[in-house]
Amino acid sequence: MSDKSARASHAKAILDDPLVVEAFDKIHAVIIADWKNAIATEHRERAWIMLHLLDVVKRHFITVIETGLLEQKNVTRLAKEKKGLFSL
């Protein structure tokens, strides 16, 4: 297993962990509630930034997963091509 594939598996395990899912959901809900209840523009902007950063963290894990999946597909494709060359 390549480093990218191992990282993808690890990232998927993290994102699939019920405690992590709960944490993302609860943090998201708290930020949305703060944003809705904010009176000052600065408070709403800060909540938006926090929401954006939460999304950036989650997207990082997703990118690691997608990179690993692409790596696995490339390895599989290369193995098939190599097998096809030697079966002639």
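**Salt bridges and their exposure**

Author: At 48% relative accessibility, Asp-16 is partly exposed. This is a predicted model, where local features need pLDDT of at least 70, side-chain atom pairs count only at pLDDT 80 or more, and totals for chains, interfaces and linings use all residues. Residues are numbered from 1 along each chain as its sequence is written, and side-chain values use heavy atoms, with hydrogens and water left out.

Reader: Why does Asp-16 count as partly exposed?

Author: Buried means under 20% relative accessible area, exposed over 50%, and partly exposed in between (1.4 Å probe, protein chains only). Asp-16 has 48%, so the label is partly exposed.

Reader: Why is the contact of Asp-16 with Lys-12 called a salt bridge?

Author: The term needs a side-chain nitrogen of Lys or Arg within 4 Å of a carboxyl oxygen of Asp or Glu. The closest N and O atoms of Asp-16 and Lys-12 are 2.8 Å apart, so the pair qualifies.

Reader: What separates Asp-16 and Lys-12 along helix α1?

Author: They are 4 residues apart in helix α1 (residues 3–16), which means about one helical turn. Helices are DSSP runs (H or I, at least four residues), numbered from the N terminus.

Reader: Why does Lys-26 count as exposed?

Author: Lys-26 is at 52% relative accessibility, so it counts as exposed. Its salt-bridge partner is Glu-22, with the closest N and O atoms 3.3 Å apart. Glu-22 is partly exposed, at 37%.

Reader: How many salt bridges does the rule give?

Author: The count is 3. Among them is Arg-59 with Asp-55, 2.7 Å from N to O.

Note on methods
Helix = DSSP H or I, 4+ residues; strand = E, 2+ residues; numbered from the N terminus.
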